[in-house]
Amino acid sequence: MTISLQLLFKEIDQVTDEQDLRSQVVPKIGEYFAAKRSGIFFFDQLLADRNLQKLLKVALSVEHNPVARYLAERHTPVHEGLVTSPKAWAIICPRPDHWHVMAGPIVSRGQLVGVVGCTRDRSMPAFDTENLADLSAICLHLSVWAATVRAAKLSRRESQHQPFNTSRLTPRELQIAELVALGRTNAGIGRELWITENSVKQALKRMFRKLEVSSRAEMVAQLSATKYNLSSVKMKH
């Protein structure tokens, strides 16, 4: 082994997304375990990719694969020698480069969200208990990474889709928004703000684009969901 566990832990901590995880960390995991193949799979991505759904249904099926069943039930690393005989495994997975298989869980919020796996061919030694212990440590860091990165991604998505981001609106547009929420017509808004009805129409078009809504009703619905109190905006005539 030319790479240490500590270096692997640092590599996992430094990557920022799943693409980098696969391109930078997976090859080093394969190198560490002297594996023929190595990979990391997240179940939500497998379900979203039709080309990979067969892998989920067969290779990672708890009914078909005792390694997958062990992972799902125990959330702990396993190799094929712990759950089945060599003869039975050859029937379950006949690929020559998967003669020996070891897999570990990626867990987030108590749920199995992904798997990290390594394989060896028939000419290579089987995985052992020391390999399982090392993979367990790697899975711990991967699970922490997945929970942290996915929580940050969710937070970014939520911040990009606030119900009503008033910071996008000018003071005049906020005044118009408040009057729309009160049920005023364009003509009525124009009279109250001393602007033309056409100016109100053009302002509403801009506001719809900024807020990513398509109607007055949708904008009012978002107004009701926001914590921002539009009634605090003072009318300026």
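## An exposed tryptophan

W194 counts as exposed, because its relative accessibility is 73%. Exposed means over 50% relative accessible area, buried means under 20%, and partly exposed lies in between (1.4 Å probe, protein chains only). This is a predicted model: local features need pLDDT of at least 70, side-chain atom pairs count only at pLDDT 80 or more, and totals for chains, interfaces and linings use all residues. Residues are numbered from 1 along each chain as its sequence is written, and side-chain values use heavy atoms, with hydrogens and water left out.

W194 sits in the loop between α10 and α11. Helices here are DSSP runs of H or I with at least four residues, strands are runs of E with at least two, and both are numbered from the N terminus. The phi of W194 is near 60°, a positive value in a residue other than glycine. Most residues other than glycine have a negative phi.

Helix α10 spans residues 186–193. Its buried residues are N186, G188, I189, G190 and L193. W194 comes just after this helix.

Helix α11 covers residues 197–211. It packs with α10 at an angle of about 110°, and the two axes are 8 Å apart. That angle makes α10 roughly perpendicular to α11. Angles of 65 to 115 degrees count as roughly perpendicular, under 35 as roughly parallel, over 145 as roughly antiparallel, and the rest as oblique. Axes are lines fitted to C-alpha atoms, for helices over the stretch in contact, and angles run from 0 to 180 degrees between N-to-C directions.

On the α10 side, the contact uses N186, A187, I189 and G190. On the α11 side, E197, V200, K201 and L204 take part. Contact means heavy atoms within 4.5 Å. By class, this contact has 4 nonpolar, 2 polar and 2 charged residues. Ala, Val, Leu, Ile, Met, Phe, Trp, Tyr, Cys and Pro count as nonpolar; Asp, Glu, Lys and Arg count as charged; the others, Gly among them, count as polar.

## After α11

E212 lies in the loop between α11 and α12 (216–225). Its phi is near 60°, again a positive value in a residue other than glycine. E212 is exposed, with a relative accessible area of 54%.

## The four-stranded sheet

An open sheet of 4 strands runs in the order β1-β4-β3-β2, with antiparallel pairing. β1 (37–42) and β2 are at the edges with a single partner strand each, so one side of each has no neighbour in the sheet. Helix α2 (residues 18–32) packs on the sheet and touches β1 and β4. The direction of α2 makes about 145° with that of β1.

Two strands pair if DSSP finds at least two bridges between them. Strand β2 (residues 78–79) is joined to β3 by 2 bridges. V78 has A103 as its bridge partner in β3, and H79 has M102. β3 and β4 (residues 111–120) pair over 9 bridges in the antiparallel sense. A103 also has a partner in β4, namely G117.

Strand β3 (residues 100–108) has 8 of its 9 residues buried, so the rest of the structure largely encloses it. The hairpin of β3 and β4 has 2 residues between the strands. In this hairpin, R109 takes a positive phi near 55°.

L142 belongs to helix α8 (residues 129–160). It counts as buried because its relative accessibility is 1%. Leaving aside residues up to four places away in sequence, L142 touches I12, L21, I40, I106 and V116. L142 and G114 are 28 residues apart in sequence. Their C-alpha atoms are 9.5 Å apart in space.
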